[in-house]
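The following note is meant for a colleague who is new to this structure.

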Amino acid sequence: MSTPPAVAQPVLAPAPSLRRVLAFLGIALAVSTALSLPFATGALPPEAVGLAVPLAQLSPLLAALLVRRRGAPWWRALALAVPSWRALGVAALAAIAAFVAVPLARVLIGLGAGAPPSADALPLLSVLLAVPAVLVMQSLFAIGEEAGWRGWLHGELRPLGFWPMSLLIGAMWAVWHAPIVLALGLAPREAITYLGTIVAVAPLLSALREVSGTAWAAVLGHGLLNSARVAIEQNVLGPLESGTAWLLDLSSWALWLAVAAVVLHLGARCRATTPGAVSGAGLPVR
């Protein structure tokens, strides 16, 4: 009787290390808190925040380098390798579409709810010329963040499944932003909008990372978040009443989550038609 061939067993990723995750968050949060203290104490004016933020954005990268497992090259541990240029291209197109479509939808909802158009909008040509330069700058600044959040931490928490992982990363990402938000004295409504958007956008950045297999797609998404989205939202609608502002916040948060689900689904279909295109494909969706 012939012996049946052995069935290859899937290689399971190691379970997330709570100690490493907490150490990562602690290091990144300690740096962001330290850089926020001069603003909280009045030693630096709020206008100087542009000097502190790029330094704070390096803290997730630093934390990831310190807590990562040493079994793989650091650039792979931080998902800075590119396993498939085709997949990265697909993710880049998805990122551009998402970070233009959701802000435009938010604007249309606002206009439909009676929000006034902006009286201080920049000329369209000026906006179109400025966005690429701001995108490049913001993407460069985002490398430190995304190598940590959607790079190392995404890989560490991956066994949890996509939605628990991405929302948990979003919550930690918001906590990491909280010191500078408190130090700058944002009004409660503004703080909730800012931190809530961070949590809502996090699954989309994780979906881009998952589809492409690299943190570079999330870097591009992060750059678009701080350039194209800001340009659209700040140059079309004028001052909002409280009820309209809450409506726009809740609707845009729902849209970010819905777009993340669409990107994840399309990524799964692309992987099905191109087996093995992206290293580590097949993240459980829970």
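**Note on the pocket and the fold**

1. The lining of the largest pocket comprises 23 nonpolar, 14 polar and seven charged residues. In this count Ala, Val, Leu, Ile, Met, Phe, Trp, Tyr, Cys and Pro are nonpolar, Asp, Glu, Lys and Arg are charged, and the others, Gly among them, are polar.

2. The model is predicted: local features need pLDDT of at least 70 and side-chain atom pairs pLDDT 80 or more, while totals for chains, interfaces and linings use all residues. Residues are numbered from 1 along each chain as its sequence is written, and side-chain values use heavy atoms, without hydrogens and water.

3. The lining of the largest pocket consists of 44 residues, and Y194, N226, R229, V230 and Q234 lie nearest its centre. Two or more lining residues come from each of α1 (18-40), α2 (49-56), α6 (124-157), α7 (162-183), α8 (188-212), α9 (216-234) and α10 (242-273). The largest share, seven residues, is given by α9. A pocket here is an open set of points on a 1 Å grid over the protein atoms alone, where a 1.4 Å probe fits, with protein on both sides within 12 Å along at least five of seven lines; lining residues have an atom within 4 Å of a point.

4. The protein chain has ten helices and zero strands. Helices (H or I, at least four residues) and strands (E, at least two) are DSSP runs, numbered from the N terminus.

5. Of the 286 residues of the protein chain, 44% are buried, that is, under 20% relative accessible area with a 1.4 Å probe, protein chains only.

6. The C-alpha atoms of the protein chain fill a box of roughly 85 × 40 × 35 Å along the principal axes.

Methods: Buried means under 20% relative accessible area, exposed over 50%, partly exposed in between (1.4 Å probe, protein chains only).
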